[in-house]
Amino acid sequence: MSHYVVTGGAGFIGSAIVRALLAEGARRIVVIDNLLSGSESNLEEVRGAVDFQKSDIRNYDEIAPLVRGAAVIFHEAAIPSVPRSIDDPVPSHDVNINGTFNVLRAARDGNVGRVVYAASSSAYGDTEVLPKQEWMTPRPKSPYALQKLVGEYYMNVFSSVFGLETVALRYFNVYGPRQDPGSPYSGVLSLFMKAVLERTQPTIFGDGSQSRDFTYVEDVAALNLKAARAPNVSGKLYNGGNGGCITLNQAWALLQKLEGVEIPARYGPPRAGDVHDSQADTTLAVRDLGHAPRFSFEEGMRRTLEWYRTQ
Ligand code: UD1
């Protein structure tokens, strides 16, 4: 019986994919994670149902036997964060580009059925119009954006040259339970959640008018499962957002409303490499993959806040 592999499966998004696979009745799931930013606690209640392998995608010899014969690899392992890739570009280059190449090489050598890749909306950079559509010329503004874009191109080339089935999903600012707020590089909504629960001021870089298509993690996990099964999509790229456009000021206002508090944000200088606006056109993902995001921003924020409250 062939198995599923989730690289970065102990991370915030990877562990949500693991849960979605288990909910669908998957029997064998191998999680590959070096626990650099992931944590076994993210897999707590499902730990007994998965084969956890502490292993690094930078090491081909380690991962090749683990992926051999897999039905699908969900490739989530990465060093995320735009500012981290600017402060410390070598590790993010190595994991995000060389690690991705290793995963593809191991997939091809091991006759894997399909690779579904976690690409990033940051690849678009600042576009003249919104929402962003897949045909638009990429304009990466940071090492991270470029690294994730190289991964997409590699997916496409492994499909066309080696006949490996690949699909790339450009994620749009994923948030939800288990996103770690413990680092300055953490996703902004996890930092906002921590601030509102601790009654402290968040810092907003710039004037807070920048907007994001914040996408709830369970919607992204569901999309991954659809991308794993959709016919005739090899080598293609899809937006994995939900079509929304929320400014940081609006997000902070909503959290204050949900908590019933008034805490003015602190404003700092804009961040290097930052994209101003980001919003997905979901037409292609809906048409080809059956993408159907279920969570409105407010509903996702309520659920996420509830989770942080219990931590
Ligand atoms: C980018 C990608 C996203 C990717 C993520 C990986 C874009 C549009 N999106 O997210 O697809 O998954 O990298 O890390 O490029 N901010 C504050 N205060 C804070 C922290 C952040 O104001 O304390 C601001 C940032 O300046 C930015 C926004 O919040 O404008 C979102 O930042 P962040 O959550 O780090 O994600 P992106 O860089 O947008």
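Okay, quick housekeeping. Because this is a predicted model, local features need pLDDT of at least 70 and side-chain atom pairs count only at pLDDT 80 or more, while totals for chains, interfaces and linings use all residues. Residues are numbered from 1 along each chain as its sequence is written, and side-chain values use heavy atoms, with hydrogens and water left out.

Let's start with the ligand. Which residues come nearest to the ligand? There are 21 residues around it, and Val188, Thr203, Phe205, Arg212 and Asp274 come nearest. "Around" here means that a heavy atom of the residue lies within 4 Å of the molecule. When I name helices and strands, those are DSSP runs, helices being H or I with at least four residues and strands being E with at least two, numbered from the N terminus. Helix α6 and strand β8, residues 203–205, each supply at least two residues of the shell, and β8 gives the most, with 3 residues.

Now the polar contacts, which are pairs of N or O atoms within 3.5 Å; within protein, one must be able to donate a hydrogen and the other to accept it, and residues adjacent in sequence count only if both atoms are side-chain atoms. A polar side-chain atom of Arg212 sits 2.6 Å from a ligand oxygen. Val188 uses its backbone instead, with an N or O atom 2.7 Å from an oxygen of the ligand. And the side chain of Asn173 puts an N or O atom 3.0 Å from a ligand nitrogen. Taken alone, the ligand exposes 750 Å², and the protein buries 91% of that. Those areas are Shrake-Rupley values with a 1.4 Å probe, and for residues only the protein chains shown count as cover.

Asn173 is in the loop between β6, residues 166–171, and β7. Its phi is near 40°, a positive value in a residue other than glycine. Is Asn173 buried, partly exposed or exposed? At 29% relative accessibility, Asn173 counts as partly exposed; buried means under 20% relative accessible area, exposed means over 50%, and partly exposed is in between, using a 1.4 Å probe and protein chains only.

There's another one like that: Ser81, also not a glycine, has a positive phi of about 95°. Ser81 sits in the loop between β4, residues 72–75, and α3, residues 82–87, and at 10% relative accessibility it counts as buried.

Next, a cis peptide. The bond from Leu130 to Pro131 is cis, with omega near -10°, and Pro131 is in the loop between β5, residues 114–120, and α5, residues 143–162. What touches Leu130 and Pro131? Gln279 does, and its contacts also include Lys132, Phe172, Asp213, Gly243, Gly244 and Cys245, leaving aside neighbours within four places in sequence. Contact means heavy atoms within 4.5 Å. The Gln279 side chain also reaches the backbone oxygen of Gly243 at 2.9 Å. Gln279 itself is in the loop between β13, residues 266–268, and α9, residues 283–289, and counts as buried at 17% relative accessibility.

Over to helix α10, residues 297–309. Its 13 residues, at 1.5 Å a residue, should span 18 Å, and the end C-alpha atoms are 18 Å apart, which agrees. The expected span is 1.5 Å times one less than the number of residues. Buried in α10 are Phe297, Gly300, Met301, Thr304, Leu305 and Tyr308. Down the helix axis, they fall within an arc of 130°, so they line one face of α10; the arc is taken from the directions from the helix axis to the C-beta atoms. Why the spacing? An α-helix has 3.6 residues a turn, so residues three or four places apart point the same way. The cover over those residues includes α6, residues 188–198, and α8, residues 248–259.

Last stop, α2, residues 60–67, where Tyr60, Ile63, Ala64, Leu66 and Val67 are buried. Their cover includes β1, β2, β3, β4 and α4. At the start of α2, a side-chain oxygen of Asn59 comes to within 3.2 Å of the backbone nitrogen of Asp61. Just after the helix, Gly69 takes a positive phi of about 80°.
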